[in-house]
Amino acid sequence: GLEVLGLANNAIGDRGIGCLVEALKQQRELLARLQEPLRQESGNPEQVHGAPSRCGVIKLDVRDNPIGDVGLEALAEVATSFKPDQKTLWGPWGLVELRLGGHQGTSRGAAAIGQAVQARTGLVRILLQELTGSQAVREGGGAPPMLLRVDEL
């Protein structure tokens, strides 16, 4: 599936980012529903033979677009909105790389992105604690979650 979405150097502003964020949320919900039969079959992803790797868009490049604070806040929200099931520790985990250079946001939008990065770090810490004595986490049935990387603000 589509994992990298490059939309750099377009005229995507806050409204366009809002639409993109809604699509990313819907994609994550759909992927989670598609994986539900696998979760029910086995709470341990390691026991599911041939489990598809469905992680959706994880790298988003929206550099050099007229994105303001509203758009940056929406991106921060979608990067932190998914809370995984801590019993099975399955993904999809959402964005892991966000390229934002050249946006038009202020310190308010930058602060929202910074908080999203901190929230992902906290999620990874929680999941690592859960893993102590538990099964391996898999990204959409594949690998552990990664930290959220942001190129620049």
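Two strands count as paired if DSSP finds at least two bridges between them. The model shown in these views is predicted.

View A. Three bridges join S1 to strand S2 (residues 59-61), and the two run parallel. In this pairing, Val4 stands opposite Lys59 in S2.

**View B. Lys25 and Glu22 within helix H1.** Their salt bridge has its closest N and O atoms 3.5 Å apart. The two residues lie three apart in helix H1 (residues 14-41), and therefore about one helical turn separates them. Lys25 is partly exposed, at 21% relative accessible area. Glu22 is also partly exposed, at 40%.

**View C. Lys25 and Glu77 between helices.** The side chains of Glu77 and Lys25 meet in a salt bridge (2.8 Å, N to O). This pair links distant parts of the chain: Glu77 sits in helix H2 (residues 69-80) and Lys25 in helix H1, 52 residues apart. Glu77 is partly exposed, with 34% relative accessibility.

**View D. Glu97 and Arg149 between strands.** A salt bridge joins the side chains of Glu97 and Arg149 (2.9 Å, N to O). Glu97 belongs to strand S3 (residues 97-99) and Arg149 to strand S4, 52 residues apart. Both are partly exposed: Glu97 at 22% relative accessibility, Arg149 at 39%.

View E. Salt bridges with shared partners join Glu22, Lys25 and Glu77 into one network. The structure holds five salt bridges.

Notes
Residues are numbered from 1 along each chain as its sequence is written. This is a predicted model: local features need pLDDT of at least 70, side-chain atom pairs count only at pLDDT 80 or more; totals for chains, interfaces and linings use all residues. Side-chain values use heavy atoms; hydrogens and water are left out. Helices (H or I, at least four residues) and strands (E, at least two) are DSSP runs, numbered from the N terminus. A salt bridge is a side-chain nitrogen of Lys or Arg within 4 Å of a carboxyl oxygen of Asp or Glu. Buried means under 20% relative accessible area, exposed over 50%, partly exposed in between (1.4 Å probe, protein chains only).
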